[in-house]
Amino acid sequence: MKFETLAIHGGNSISDSHRPVVQPITLSTTFEHQENSLIYSRANNPNRMALENLLARMERGQAAAAFSSGNAAGMSVFQALPKGSHIIAPDDMYHGLKKQLLEIFVDQLEVSFVDMSKVETLAAAKTPRTRLIWIETPSNPLLKISDIREISHWAKSQGLMVVCDNTFASPVFQNPLALGADLVMHSSTKYFGGHSDILGGALITAVKDEFWDKIVNIQQTGGAVPSPFDCYMLTRSIKTLAYRMKGHAEHAGLIASFLDQHPKIEKVYYPGLKNHPGHEVASKQMTGFGGILSFLVKGGAENADKLISHLKYYSNATSLGGVESLIERRAAVEGPNTKTPQNLIRLSVGLEHLEDLLEDLDQALNQLR
């Protein structure tokens, strides 16, 4: 099946005798004891099984594990590592997972944050205890691009595992497992959910090995799993994922070009722009450049806040990937220890009419001094 067909039909597992077109929600927490049957919904559930099967097929992996949030998915990888392991992670890493490494796992794991867009930084950061390389591409919020194939090739020569956060790209535009990564992570809250009303996360593995068994044990024994209703809703939303992503990317590319030429904008970060330092690598490993962009507003944080306050169709809110456009001054959200520029605005481009989005940005920018 092509991706669009898989997204629509791959998540249906019908056992109801009435043969509904859409798989029903199985809310039961417990099941009668039968050979090879389900036992308890924390361990597994028909809706979660259907979602995980769909996720694995979309990312071209052997298996998937769904979690209650993207942070829970990422945390399960860190928990599965032996104590004292060293991780190489991007300097522009999603702050929620970075916070885990710096605060929750500070006594269990070591981490080096490097500019992952420069592959040569990996060798310099590697130690005898290094076990894992964490890639995030495009990164959050600077939209840095890491060469998944090149990093994975180097990692395998060193006996290291590679995990790629594919949230910004989605499997519509990028398949890290096909480029050599061992695991893919998603915050399914974002584009998979697509409507800002479902919390979830996922991991997909290239092979079902011992490390994967540890992750599944953490998922099922730790219990940070999505509810049957959330699994049902995610499977439903994924049916339109391919078409939503195409719209997000088309709008984001045109808005990025508009901002790139605007005299009140200092810089635009979007891999679809030819002046982006990662454009060439992104063009090789992505079939589309995604729906997220960031930009620096001239005049500092004060002007960035003013710009946001003058907008009509962009909600000043955290998160991304919904059909509505969301905007925020990212440093204000990340807190006092952030390294994100204070005048950086992250924009999740929605599916409103493009002319409305462009006109709204234009009128708000024109109100800045």
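Which residues are buried in helix H9 (residues 228-238)? In this predicted model, local features require pLDDT of at least 70 and side-chain atom pairs pLDDT 80 or more, while totals for chains, interfaces and linings use all residues. Residues are numbered from 1 along each chain as its sequence is written, and side-chain values use heavy atoms, without hydrogens and water. Helices (DSSP H or I, at least four residues) and strands (DSSP E, at least two) are numbered from the N terminus.

**Helix H9**
- Pro-228, Cys-231, Met-233, Leu-234, Thr-235, Ser-237 and Ile-238 are buried in H9, where buried means under 20% relative accessible area, exposed over 50%, and partly exposed in between (1.4 Å probe, protein chains only).
- The cover over these buried residues includes H1, H2 and H10.

**Sheet**
- An open sheet of 5 strands has the order S8-S9-S12-S11-S10, with mixed pairing; strands pair if DSSP finds at least two bridges between them.
- Strand S8 (265-269) and strand S10 (315-316) are the edge strands, each pairing on one side only.
- Strands S11 (residues 326-329) and S12 (residues 344-348) run antiparallel and are joined by 4 bridges.
- Arg-329 stands opposite Ile-345 in S12.

**Helix on the sheet**
- Helix H10 (residues 241-260) packs on the sheet and touches S8, strand S9 (292-297) and S12, contact being heavy atoms within 4.5 Å.
- The direction of H10 makes about 15 degrees with that of S9; axes are lines fitted to C-alpha atoms, for helices over the stretch in contact, and angles run from 0 to 180 degrees between N-to-C directions.

**Loop residue**
- Leu-27 is found in the loop between helix H1 (3-9) and helix H2 (46-58).
- Leu-27 is exposed, with a relative accessible area of 60%.
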